[in-house]
4 protein chains.
Amino acid sequence: MCRWLAYSGGPLPLSELIYNTQHSLVEQSFDARISTQTTNGDGFGVGWYDHREFPGMYKETRPAWNDPNLEDLCLHVSSPMFIAHIRAATGTSIQRSNSHPFRYGRWLLVHNGLINNFAYIRRDLAMTLGADLYMHLNGTTDSELMFLLALHFGMQDDVYGGLARMAGLVERLGRKSGTEHPLQMTLGIADGESLYAVRYSSEHKSRTLFHSKSKHAVAALIPPEYRERLDLFSDDAVAVVSEPLSDLPDMWDAVPEATFLTVTGGEVEQRPFVPVA
Amino acid sequence: MCRWLAYSGGPLPLSELIYNTQHSLVEQSFDARISTQTTNGDGFGVGWYDHREFPGMYKETRPAWNDPNLEDLCLHVSSPMFIAHIRAATGTSIQRSNSHPFRYGRWLLVHNGLINNFAYIRRDLAMTLGADLYMHLNGTTDSELMFLLALHFGMQDDVYGGLARMAGLVERLGRKSGTEHPLQMTLGIADGESLYAVRYSSEHKSRTLFHSKSKHAVAALIPPEYRERLDLFSDDAVAVVSEPLSDLPDMWDAVPEATFLTVTGGEVEQRPFVPVA
Amino acid sequence: MCRWLAYSGGPLPLSELIYNTQHSLVEQSFDARISTQTTNGDGFGVGWYDHREFPGMYKETRPAWNDPNLEDLCLHVSSPMFIAHIRAATGTSIQRSNSHPFRYGRWLLVHNGLINNFAYIRRDLAMTLGADLYMHLNGTTDSELMFLLALHFGMQDDVYGGLARMAGLVERLGRKSGTEHPLQMTLGIADGESLYAVRYSSEHKSRTLFHSKSKHAVAALIPPEYRERLDLFSDDAVAVVSEPLSDLPDMWDAVPEATFLTVTGGEVEQRPFVPVA
Amino acid sequence: MCRWLAYSGGPLPLSELIYNTQHSLVEQSFDARISTQTTNGDGFGVGWYDHREFPGMYKETRPAWNDPNLEDLCLHVSSPMFIAHIRAATGTSIQRSNSHPFRYGRWLLVHNGLINNFAYIRRDLAMTLGADLYMHLNGTTDSELMFLLALHFGMQDDVYGGLARMAGLVERLGRKSGTEHPLQMTLGIADGESLYAVRYSSEHKSRTLFHSKSKHAVAALIPPEYRERLDLFSDDAVAVVSEPLSDLPDMWDAVPEATFLTVTGGEVEQRPFVPVA
């Protein structure tokens with residue numbers, strides 16, 4: 001459906017991962033290789049952290065491949081933590097408020113996947129939110145609602161718990177409404193300190209998710225002719241991606257089915273992800 | 001806030017009212033005279049009826065004044081009933097799904113006004129909807145929610161009743177949340193057979209609403225040099241507008257405070273509008 | 001690069017060819033089968049004729065596949081002659097003025113192809129225009145310039161001649177600047193009375209062009225479940241397309257290399273196309 | 001017509017001048033006070049310098065007042081030199097390539113004004129360019145053409161000279177074509193080292209141009225409640241603007257009619273501007 005990447009490490013120009021890799025995210029916008037759709041042209045977005053209290057965002061409705069603004073932004077902004085997303089819509093409108101990432105305070109979230117038969121349970125999911133979070137609904141995607149639900153369930157204090165309770169609610173309501181496999185998701189989340197990611201689906205056939213093995217793995221994304229770019233990468237640089245940014249399989253660890261992943265200071269931790277029933 | 005117009009009569013090129021009048025709707029997009037804002041540049045939309053089962057719509061996020069597509073559409077489409085709207089946003093995003101009109105089946109609605117402190121009661125209003133109507137929420141405006149609530153309250157069978165119950169709910173929830181004057185609205189509604197309009201505000205200081213007095217009144221909107229256009233107007237042509245499309249005061253009837261208006265076959269009926277408490 | 005279609009016949013809802021065929025133009029926007037690119041997502045446009053003096057146009061920068069306005073327009077507008085185009089940019093900006101068709105008075109033109117090394121000769125081509133036509137340059141594509149050059153060379157009085165002189169100039173200036181095969185084009189042109197098309201390339205490896213064989217051929221584009229739509233097609237209905245709108249090869253005639261095609265009143269004439277050296 | 005501002009000094013968040021002043025540029029997009037039009041809603045752009053070889057740009061077609069991307073960009077990007085512009089179109093299309101600034105290598109240019117009867121001389125002006133600069137024409141404005149002409153006339157080595165020859169050519173061709181007062185302009189130019197500005201019109205009734213008197217003048221733009229922001233401004237901070245960003249007349253020097261202005265390292269120099277006849 002969609003493709004995304006998240007980065008944590010030393011300050012890096014956004015362009016290094018969004019444009020300058022072998023199979024960059026922008027290239028994936030018109031030619032994703034292991035996605036269910038080859039075109040991810042229904043908008044995009046990027047969020048990044050700096051010295052400000054809240055992350056910056058740039059979100060658009062046009063395809064990523066034809067936006068000179070995105071090129072300039074990625075060349076001129078460096079950040080120690082950023083998340084980018086290209087969208088292939090699954091039924092909801094093409095509007096900036098439906099482009100990822102979604103932002104709440106210091107939190108950003110991107111999503112590849114969908115809630116099956118979302119329309120059946122959209123209202124009940126939304127009704128779970130209190131008025132304070134409901135007023136932050138700006139778009140109409142399942143993804144944004146999943147984000148606000150995770151916040152509702154305490155993600156700011158307990159990332160795993162908030163997400164597990166959100167996923168549990170989606171599965172409960174989905175099954176009650178007759179959907180066998182309600183949830184299919186790979187999530188990328190950031191708070192400016194750590195990256196988090198989840199690979200999970202009710203059917204246990206989740207979409208792909210990878211993380212880079214080491215600085216050298218991230219650096220290896222760079223085509224040979226630009227190898228001097230190696231110096232741009234810090235020792236603790238880690239990328240988490242829907243689809244490898246290069247054909248170098250040794251450089252990427254596939255994240256197992258039903259896994260919760262945390263990246264802090266260059267360290268990658270994994271634990272099983274189990275929704276709270 | 002916004003400006004709108006509705007037309008009922010013989011088939012008329014949309015351009016005759018949207019562009020070719022003395023103070024056309026497009027002119028009002030950058031220079032509204034009796035509006036609270038002179039610029040209505042946050043998107044626009046037009047909906048029209050023809051032989052198809054459902055009305056057509058064209059909605060955009062750019063200002064109406066600089067859209068060549070709108071010019072072409074209005075020149076090349078004729079319709080016996082149409083509604084057009086230019087938006088001045090009151091806090092929600094500039095996206096097509098927030099541009100008016102809103103459509104449900106054969107129904108179209110445009111709105112000038114706002115629910116005061118909408119964020120306080122947005123969730124409770126939305127939760128009044130059942131899952132079937134909730135899934136039709138495409139945007140985030142108070143206007144769209146008012147439309148779906150009126151449908152929820154039976155507008156399709158009883159236009160007055162559906163709107164009166166919707167307005168009553170907004171006032172009840174608004175006052176409960178501490179807002180003295182919750183509702184300010186002029187609504188324009190069409191179903192392909194009749195036009196309906198409401199001028200109402202909790203404060204009894206509603207925004208302006210006018211209807212043309214007769215064919216000759218509508219025709220008088222046309223600048224003298226184009227007076228041969230008179231023949232374009234049928235005897236039963238009626239326009240309902242937020243703001244007169246000409247400086248000819250004799251041509252326009254101001255709709256009184258708290259009024260519900262119906263236009264069918266050239267006949268204009270008015271009755272008091274009282275929300276259902 | 002791009003894909004286009006042109007229609008001539010009895011008044012037909014635009015949606016019948018743009019959306020409702022087996023491989024519709026909108027489907028080709030994300031999945032063109034015999035194009036050099038599978039994604040044609042860099043904007044689109046449609047122009048149509050009616051009782052007005054000049055044709056109407058709707059042009060956008062977003063991909064055709066995600067534009068609800070286009071869907072509504074195509075459902076609600078019928079025309080006896082229309083041209084539609086989906087763009088895959090070859091280096092120039094994504095802006096409405098670079099979307100096809102281009103319009104001049106009653107004339108419309110769409111183009112699939114390119115002038116190789118256009119940048120080398122752009123100025124010299126443009127300088128061929130007089131001030132009167134130069135002031136109509138709204139965009140930056142080779143296609144628009146080819147259109148204005150054909151007008152400069154008399155296309156309004158002699159379609160073949162104007163195009164042959166334009167192609168000759170492009171080849172002359174291109175070769176002079178060192179380009180072996182300067183021109184690659186399939187052109188679609190309309191004036192409200194006739195359709196014209198050219199398949200030509202300097203290399204004699206032109207992109208595909210087809211026309212429907214008969215009313216029954218056009219009608220056969222319609223999936224079986226919609227076969228009652230047959231009645232929508234007049235006996236003189238003809239479609240000219242970059243890529244067949246169906247898998248029914250018997251229904252389509254491939255236009256030969258280096259051919260000029262005229263469609264008037266259901267009759268298709270072909271003659272060799274030879275640029276004026 | 002348009003409004004613009006240019007800044008030179010210590011690195012400053014773009015938001016400080018574009019959003020946070022008493023009459024900010026964004027406020028001027030819907031309410032310019034001394035402009036010939038109150039609405040400058042036909043797109044905008046900003047260009048900024050940093051450690052990269054070329055300046056970054058962000059250009060859009062929507063009004064500046066409703067773009068959350070611009071807000072985020074301005075909050076998160078700091079720069080020692082930047083130029084921003086809000087557009088009120090004078091007849092050419094609303095497309096990014098017609099939004100200012102225009103960029104060529106390290107050079108940026110913004111323009112408020114117009115070439116009267118531009119259509120009459122557009123071709124002859126364009127023809128003056130060689131193929132190398134002609135291929136950089138991305139839009140259709142007089143402003144972009146003035147920029148490329150100044151480059152053609154040597155602006156990169158002699159800013160004053162390049163501009164004076166450009167202005168001379170415009171006046172010569174304009175008068176030859178029968179236009180009494182061909183040129184009306186205030187230009188803002190940057191190369192990353194210095195800012196340049198010109199106030200000039202053939203009629204000697206040029207649009208306004210101002211520069212701040214001192215750091216304290218720039219700082220005085222900041223509303224009292226944000227006065228701690230004073231520290232954000234360096235001692236050599238200078239702003240050049242179409243319209244004062246505050247009601248504090250003592251803080252602004254009006255640039256005289258027919259003046260060329262240079263800002264380098266906090267020093268403002270002025271000299272008469274005389275086109276080369």
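Reply: Let's begin with two strands of chain A: strand S8 (residues 195-201) and strand S12 (residues 259-264) run antiparallel and are joined by five bridges. Two strands count as paired if DSSP finds at least two bridges between them. The strands themselves (E, at least two residues) and the helices (H or I, at least four) are DSSP runs, numbered from the N terminus. Within this pair, Leu195(A) has Val263(A) of S12(A) opposite it.

Before we go on, a word on the model: it is predicted, so local features need pLDDT of at least 70 and side-chain atom pairs count only at pLDDT 80 or more, while totals for chains, interfaces and linings use all residues. Residues are numbered from 1 along each chain as its sequence is written, chains are lettered from A and ligands numbered from 1 in the order in which they are written, and side-chain values use heavy atoms, leaving out hydrogens and water.

Now widen the view. S8 and S12 belong to an open, antiparallel sheet of six strands in chain A, in the order S5-S6-S7-S8-S12-S13. Strand S5 (102-104) and strand S13 (267-272) of chain A are at the edges with a single partner strand each, so one side of each has no neighbour in the sheet. From one strand to the next, the twist averages 15°. Angles run from 0 to 180 degrees between N-to-C directions, and axes are lines fitted to C-alpha atoms, for helices over the stretch in contact.

Chain A also has an open sheet of seven strands, again with antiparallel pairing, in the order S3-S2-S4-S1-S10-S9-S11. Its edge strands are strand S3 (56-60) and strand S11 (252-254), each pairing on one side only. Inside this sheet, strand S9 (residues 210-212) and strand S10 (residues 238-241) of chain A pair over two bridges, and His211(A) has Val240(A) as its bridge partner in S10(A). Helix H3 (residues 68-76) of chain A lies across strands S1, S2, S3 and S4 of chain A, at about 20° to S2(A).

A helix from another chain comes in here too: helix H3 (residues 68-76) of chain D lies across S2 and S3 of chain A, at about 150° to S3(A). Chain D and chain A each put 23 residues into their contact, where contact means heavy atoms within 4.5 Å. About 1,700 Å² is buried between them, with carbon and sulfur atoms giving 38%; buried area is the accessible area (1.4 Å probe) that two parts lose on being put together, summed over both. Arg52(D), His76(D) and Arg96(D) supply 37% of the area that chain D buries against chain A.

There are six salt bridges between chain D and chain A, a salt bridge being a side-chain nitrogen of Lys or Arg within 4 Å of a carboxyl oxygen of Asp or Glu. Asp72(D) forms a salt bridge with Arg103(A), with the closest N and O atoms 2.6 Å apart. On the side of chain D that touches chain A, strand S3 (56-60) and H3 of chain D each supply at least two residues, and H3(D) gives the most, with six.

For contrast, look at chain B, where 16 residues are in contact with 17 residues of chain A. These two chains bury about 1,600 Å² between them, 53% of it on carbon and sulfur atoms, and the count of salt bridges between them is zero.
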